[in-house]
Structures are given as structure tokens and as C-alpha cells.
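Keep the sequence and the 3D view open side by side.

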Amino acid sequence: MDLSANTLMRPLGRLGTAAQNALEVARFGGLATEAQPAPHRVVSEQRMFRLRHYFDASPGQAAPPVLLVPPLMLAAEIYDVAPQTSAVTTLRDHGADPWVVDFGAPEREEGGLERDLADHVLAVSDAVDQVRELTGRDVHLAGYSQGGMFCYQAAAYRRSAGLGSLITFGSSVDSRGAMPFGVPEKLAIGAVGVLAERVLREWALPAWASRAVFRALDPVKSVRNQIDFILRLHDRDALLPREGQRRFLEGEGWVAWPGPAMADFLTLFVAHNRLLQGGFAVDNRLLTLADITCPILSVVGTIDQIAPVAGVRAIRQAVPEADVFELALAAGHFGLVVGTTADAVTWPAAAGWARWRAGLGEAPAGVHPVLAEPGATEHGTGAASSAERLPEVSSRLGYGLELAGGVSGQIGRAALRTARRSVSATRELAREAAGQVPRLARLEQIQPSTRISLGGLFEERRRSGGSDDLFLYEDRAYSAREFNARIDNVVRGLISIGVRHGEHVGVLMGPRPSALALAVALNRLGAVAVMLRPDGDAAREAALGQVRRIIADPERAALATALDEVQAFVLGGGSARRDFGVPQATDLERIDPREVTLPSWYRPDPGRASELAFMTFAGEGAGTRVSRITNGRWALSAFGTASSAALSRADTVYSLTPLYHPSALMMSVGGAIAGGARLAMATSFEPATFWSEARRYGVTVASYTWTMLRELVAAPPQPGERGHNVRLFIGSGMPVGLWRRVQQRFRPARVLEFYAATEAGAILVNVSGAKLGSMGRPLPGSAEVRLARYDVEAGRYVLGRDGFARQCGPGEVGMLLARSRPGHDTGGLLLRGVFSRGDAWLEVGDLFRRDADGDWWRVDNLGDVIHAAAGPVFTGPIRDALGGLPAIDLAVAYGVRAAGAERPIAVAAVTLQPDARLAPRDLTAAMRSLPPHERPQVIRVVDRITVTTWYRPVAGELREEGIPEPGERLPAWYLDRARGGYRALSSAAHRRLTEAASRPPAGMPAGGVGS
């Protein structure tokens, strides 16, 4: 009977105890404990934070100061949850001096809900200064979760000054692949951007919502903890040791997220991944984690569901010049800093690390250095490691399916027209290419009377995201709103000096923000920006551009005022009174835009597609040529670049060429503005600083011209090169050999090669990159292009019996023609009735062939063809064939006319890679791809090949040298036609070449191409 009563009463007693404990939890929020917080005092109170110092009596003067930074959503008590699990107590017990940054509860602080991300970073930096001043020692800056991200940013802002080290716990650096609930990354990024800009910037996230978000990120564990607590309600003694931790997580530890700070966080570090890529701004200063040089200890939770291992370990990629160490623990996100593992391992290791870095002990157990990723080569990142480290980049770009779903899949105009009528047409496109349909469709819609302009697209960017960073230069970031305000002020200045719609105005400036603002302002006004070259013939170019006014930067004011019959003005450098030494120049910076009344004729961005917008120049002296670019032609390049490169708001386009170069104006600036990307402009191209600037700007796409990247490939490996984030190099004219070397050294970056006629609307793009040297296929929305058979020797088209030109078949060389579009064309030879009655085509002047797959290959410019005795020799295939040899750096081909000869012979000159050797058999093998009569008769090695200011190889000096003499210091070979190969150039061979230059070899055709 007694046994039965005990058996019955025991469960009832447990139930009663559980009910009593549950009532206490309901009334008071938890179980009463005797626990007291660790002693501390507030040593400084600022607008943004309070600085706490724990245990004023530090455990010895040698104790290294550790400054702890909490994440935004959690109170500073995260570091002192309970006596049994207190970070500050454990740090103190293991010989460190604990300090804590307390941001308070923003909802209870004056102006707390208006704080942005930069406010918190600057507060952390200020706290470092205060601790350093009070202790006289370098500070070990430590942060949990987002607090660790603040530490990274503050260290970058300070360039590691005053920091002994960084310690982070579960702090993700790479947001890719860490989207919650399995949401696709691209969808999540888009949603995050909308949420940040349209909702969170104006609204704070309450504390209860922060708690709910945290629970939702790991719902299984949250439910399991609650069930475990309920099941143990009868056992008070078992619950009390963890009660402080439970109460902290259930409500007491959560604080509100200020809306601006959360919007910045989501935009910069989730949507755009700037912590990894660089290019985020604090206090208008551009920053990159690559500037961190102090040692880093990254504590990683191997079962962390909120900060995945890969995202945390990306710190190694982001800080190429810092020593990175890791402590990996089998813990979740919260367990890294609170709980048994934290008490036993995390905080003792953190204290031991700080003492070790201060020279007071040995490295703690479990802490290991993180070396450069496996597979890295001497020139940076290896292929395997890059592919493993950045799988999401390739996925995001979709280049496996490429834009070629539209470009080379022959979807073309029909699909684009359909896309305008029905969204269902996008199903025919590859998933990534589908995102480009609106841009390509917009191209199709542009008619001569359509209002489209550079100024108009800048205004669109202001309306769509005025607070977003738009333009980056040196260490400064300009938002779309700020830069448009500058543009509008320049417009008022232009109006005040009498500039009107349609007037041609010279722009004589080097790379600087004012140059871009002026070009856009002239376009917004409806004037024509004549982009004069500072290193060109300014007087000749001003005359060709029909310029009456020139606006120069301060450095070129004297050059502008020296020109006759031209009025000179100066823009840039600030509004302070200054002396340019040229009193006749008017300083536009002295004009107050608020005092300028806009005339009734002014209408912002009036430009029509058919109207002239820009003029650029090429050539030298008497050979100076002018290119006239309409608004429509500019827009074609802008949207074409944005589509081909799949540019988005997460990209930063880095223009290595100045604004007066067509590639900068039409491709870099145009692509960035049309694609929603940020634009960064280099002051100059310096290989020694390229990678540091790429990190600072967060560059993902970098432009080039011709052989520009050759200097970058030849430069010694740079720390910033390792684990870089550049995904594309975009440009035109890159030789095949250099193309291969660029992709090998800087993988996973790829080369996106364009062919674009400056005035005609022909644009080809090699999206897939599968065929090095190919120009790819026509861009949908650009002008239709065809190849017409052309007799190069006779200088005329090959006609059929009906009198119309004959189109080329696969492999045939012909003249590239672009269909004329009324209102869009500004230059070039216009031909009518070419393929059918009434048609109109522009002759581009370049010879092409199209292979059996439909890819287009540039063969030569008509003016560069060598008219040899055996028939025309094309220089392009010779350069490509030689460029494919690993030993060769650069190659050019040209004609040399011997004394008394009627026809030139083809000569090729090459430079070699360092320590490389070239054998005759290599040349013979390389030239087998060419018809015998199109092979160069002489191939020579030279010390250098001259390149123009913008890196285009030219052969003028080599042509003047003629056929090299045998026995010279550098080797030369001649084509032995009898043996079908190349042999060392001898005196006899030299004599035969000069004597027989005008006699065609027996059996060789002498007619034109296609005759």
C-alpha cells in the first residue's frame, strides 16, 4: 500500500513543482537565481556607445587588452550571460584584460534607431583609440557574429593601426551560398535589395523580430531547446545553471536593429558581398579588408547553420597580406561564445591567443595557421582551388549557358520582339540569359526619335537608387544622388557661360570625377562633348570638332588657353580662389549654381537616338581621325556591354582607360550605367597598384585595350592578386597568346572580347570564350552584319550574275558590312543596292571570315593587307598563329618592299617570353594552319614591338628596317618553300628574297580573294 502511494505521489509532486516553476517563469520571465553580473564600470560614454571595463583591477600590468564587440541584435551582456558562462570572467581568469563596447538598446537611445552601419564601425574604431590610450597597449579587437564583421571593417578603416590582432567568432565574410531556408541565391539577393531600400531604411527591426529571425534561421534547435526546458521544469536544480542563458535568448538579450544600419548591412554584405569583394564605404572612404595586416584568429563552428564554415573561412581570401589562424570547434553559432564549449575552449583560447601575440606565452592548443589555398600557383590562385572556393560566381554568371543562349543560339531579333509582347518568350532563353532580355529588348525599341542618352541613364540611376554608390575614384565613393547633383551644378555653370543645345564643346581633361561630370552635363544639356586627347594635337582636334569653347582641368588650363580662336574655361579642383597662371581662363568653380536661372529653352536630357552626342579621336598628326557617336550608338554599346557581361548591382566596373578613349566612354561607363553596376575610374594604369585598387573598389569587371594586360601578366605576383574577385576582363584587340596567359594566371577570371565599330552599329562579342581569338557572334539588338565576297587586289566586290554582291560561305574571307539604320549612322561608306534592290549597308573596312559553327573571325583591316606577288597576305591569321606559341610574347606582321621590287614580301616580327627559345620547327608547325602563299616569308625576333599610347602594337618602325640581315644578334628565319618549313636566314636566302620579291612563285595563285 505504501509503495503504491509513493508511486502515485512522486509524479504528482513533480507535476506540482513543474507548475510552480512554470508560474514563476510566466510572472517574472524566468526562474530567480542568485547570479550577479561580473563587476565593471563605464569608463567612457559617447553618443554611439559606452565603453565598459571589467574587473578594474586587472590580473597584472602585462595583461593584453581584449575589446569585445557585440552584434547589433544582441545586448552587450552576450559576453557576461551568467557566472557559469561569462566570456569576460574567463578572459580575466586566463590573463587577459576584458573591455566591452556597449551600443545599448537603440530603441531606448536618443537617435538610436537612426544609426547606420558606418556609425557602428566608427564607434568601434573610437573605442580602440580609447582603450589604447588608457592601457598604453595595442588592442586585440574581438567580435561575435556581426560584431566580428564590425571588427574587420574597423581594422580596414584603421589600416590595422593600434591593433595587436583581430579575433572573430562565427563572423561570415562571404555571403554567397548562405541564403536561409534554401532560397535560391539570386532570388534572395533581389528580395534583400528591395527589402533594404524600400522597407528597412525607414523602419527598425524590433527586438522581438530579431529574436524570431534568429530562431527561424535554426528552427529545429530552437524547438528542441524549448521542449527540453519544458521537460525539465520539475527539476529546478538542473535548470538554474542554464537559466541565465535561457533568459538571455528568450528575450532579455535582444535589442532592435536600427533600420539604416540593417539596410546597409543587407545591401552591402548580403546582396553585394562587399566584405569579401571590397569597395564598401565608411565615412565616404572606400575600404577593403585587403588593407588589414594584423594577425587574425577566426573561430569557426563546424556545425554553425547561421555562419557556414565556407563563408567564415573566406577571410583567408579577403586578407592576402595578413596572417590568418583558425580555431575550429564542433559548435553551433551561439555555442561558440556561450555554453560549455565556449567556457572550456573558446575563451581560454582567445585569452591565450592575445597573450601569445603580445609575446607573453605560447600559441594556444587547437589554433592553426591558415595557409594560401591548396592548388595556388606562383602567380596567384590555382584553378582547382578557385573553382572550389567560388562555385557560386560561376553559377551566378551563368556563363556555362552563356548569353549565347540569345547571342549564338540564333534567338536574335525574333525572340526579342516576342519578348516585348509576352514574358513567356524568355523560356526559350537560358536561365541567366533571360535576365538580359529587357536590356536587349530596349535596344530593339530604340528608334531615331527615341529619347536616350548618357545623361538620361544617370538620371534613371538617381531615381532607382539615389543612395547607392555609383562612382568610385581614388578613396572616395559618390552616390547616384551626389553625383547627379554635381552634374546638375555643372549644367548650370555651362548655361551661365552661354552653352546651348547642339553646341560642340571641347573637353580637355585627364581622369578625374569632374571629367565624367562634365561629359554627362554636356549630354544632359543636349550639347556635343568633343573629347580632346591631352596627349594629342589639341589644335587639330578642336578644329575637326568645330569647337569654340574648351573646358579643361587645372593641369591643362595653359594648353587650352594657348589655342587660337577658342575660349577656355577651367573645371575641377574645388571652388577656392586659385591662380592658373592664365588669367584669360574662366574658372567655372567660382560660379554659384544657385544664382543661375535656367532658361525656358532648357529641357534636361533632350537627346534623341539620332543626335550627335560625342566626338572622339584616333591617329596622329595629319592622320588624326574623328569618330562621331550618336546617342543611339552610345546606347547600343552601353546596353550591349551590360548584357554581354551580365552586369548587375553587385558588380563594379573598373575603367583603366580615361574618358576620352572610346572604350571608356562607350564600354566601361556605358556598361556600368546601363547595367546598374558601380563605376570605378583609374587615375592611370599601373600594374604595381592594380590589385590593391581592385580590392579597394571591389572590382568584378575590369576593362582593357589591346595589349594593356600584358604588363599585368608580366608583373611579379602581388598579394592582392591571390583569391581576387575579378570575374571578367572586357575589351577588344587582345592577342591570342596574351588572352591565354591572362586566363591562366588570373583564373577564374575570363576574357570577354568585343568587336565594335565606333560609328556603325556592328557589335560582335565572344561570350563563351571557347575559341580564343574569335570575335564571337553578333549581339542581339545591334546592327545586322553580313560578309560580302571582296576582291582585295582589285578593290571591289565580287558580284553575281544579277549584279548584287555575293555573300561569303563558311571559311571565305569577305568585307564586313553593317546594315544602315536611318538616324543612327554618322560615318562610313554607305552602299545601296548591295544584296537587294533598295537596301543600304555601311562598309566597316575590316575583312572577316565566319567558320562552320557561326563564329566570326577578324582577318585584317583592308589597309593592312600585304599585297604580295603571290596574292594578298592577311596579317591577322599570322599574328594569331604565332601568338599561339608559348614562347612568343607579341607578334606583328607587315609588308616589306625590297629595293626595285614591285610587290612587298610578308614579314613577321616577334618578341619572346623571358628565357624562352624559339625553334624553326615551332614556326613551321604554327604556320601549317595557313595557306602556303599566306605564310610570312621571313620571321624575325626583335627586342621590342612598339605599342601606341593605348597599347596597340604597330609595325611602322620595323617596316622601315626592311628585311633583317643574316647573322644579326637576334635570330631570323625564312620560308623554304621547297621543304615546306622555316630555316635560319642565310646570306643566300637573303639575296634570293630581295631579288625575287616581285616574281610570284610557280604554282601560286595571283588573283584576289574570292575571284
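Phe169 stands opposite Val299 in strand E9. This is a predicted model, where local features need pLDDT of at least 70, side-chain atom pairs count only at pLDDT 80 or more, and totals for chains, interfaces and linings use all residues. Residues are numbered from 1 along each chain as its sequence is written, and side-chain values use heavy atoms, with hydrogens and water left out.

E9 covers residues 296-301 and pairs with E6 in the parallel sense over four bridges. Strands (E, at least two residues) and helices (H or I, at least four) are DSSP runs numbered from the N terminus. Two strands pair if DSSP finds at least two bridges between them.

On another pairing, E6 runs parallel to strand E5 (residues 139-144), joined by six bridges. From E5 the chain passes through helix H4 (residues 146-158) to E6, a right-handed β-α-β crossover. Right-handed means that, with the strands pointing away from the viewer, the path from the first strand over the helix to the second runs clockwise.

How many residues of E6 are buried? Seven of its seven are. Buried means under 20% relative accessible area (1.4 Å probe, protein chains only). Thr168 belongs to E6, which spans residues 163-169. Its relative accessible area is 0%. Leaving aside residues up to four places away in sequence, Thr168 touches Gly143, Gly148, Tyr152, Leu297, Ser298 and Val299. Contact means heavy atoms within 4.5 Å.

Now turn to a helix pair. Helix H19 (residues 454-465) packs on helix H21 (residues 513-525) at about 105°, with axes 7 Å apart. Axes are lines fitted to C-alpha atoms, for helices over the stretch in contact, and angles run from 0 to 180 degrees between N-to-C directions. H19 is therefore roughly perpendicular to H21, a label for angles of 65 to 115 degrees. Among the residues that meet are Phe458 in H19 and Val520 in H21.

Seven strands form an open sheet with mixed pairing, in the order E18-E17-E16-E14-E15-E19-E20. Strands E18 (586-587) and E20 (625-630) stand at the edges, each with a single partner strand, so one side of each lacks a neighbour in the sheet.

How values were computed:
Buried means under 20% relative accessible area, exposed over 50%, partly exposed in between (1.4 Å probe, protein chains only). Angles under 35 degrees count as roughly parallel, over 145 as roughly antiparallel, 65 to 115 as roughly perpendicular and the rest as oblique.
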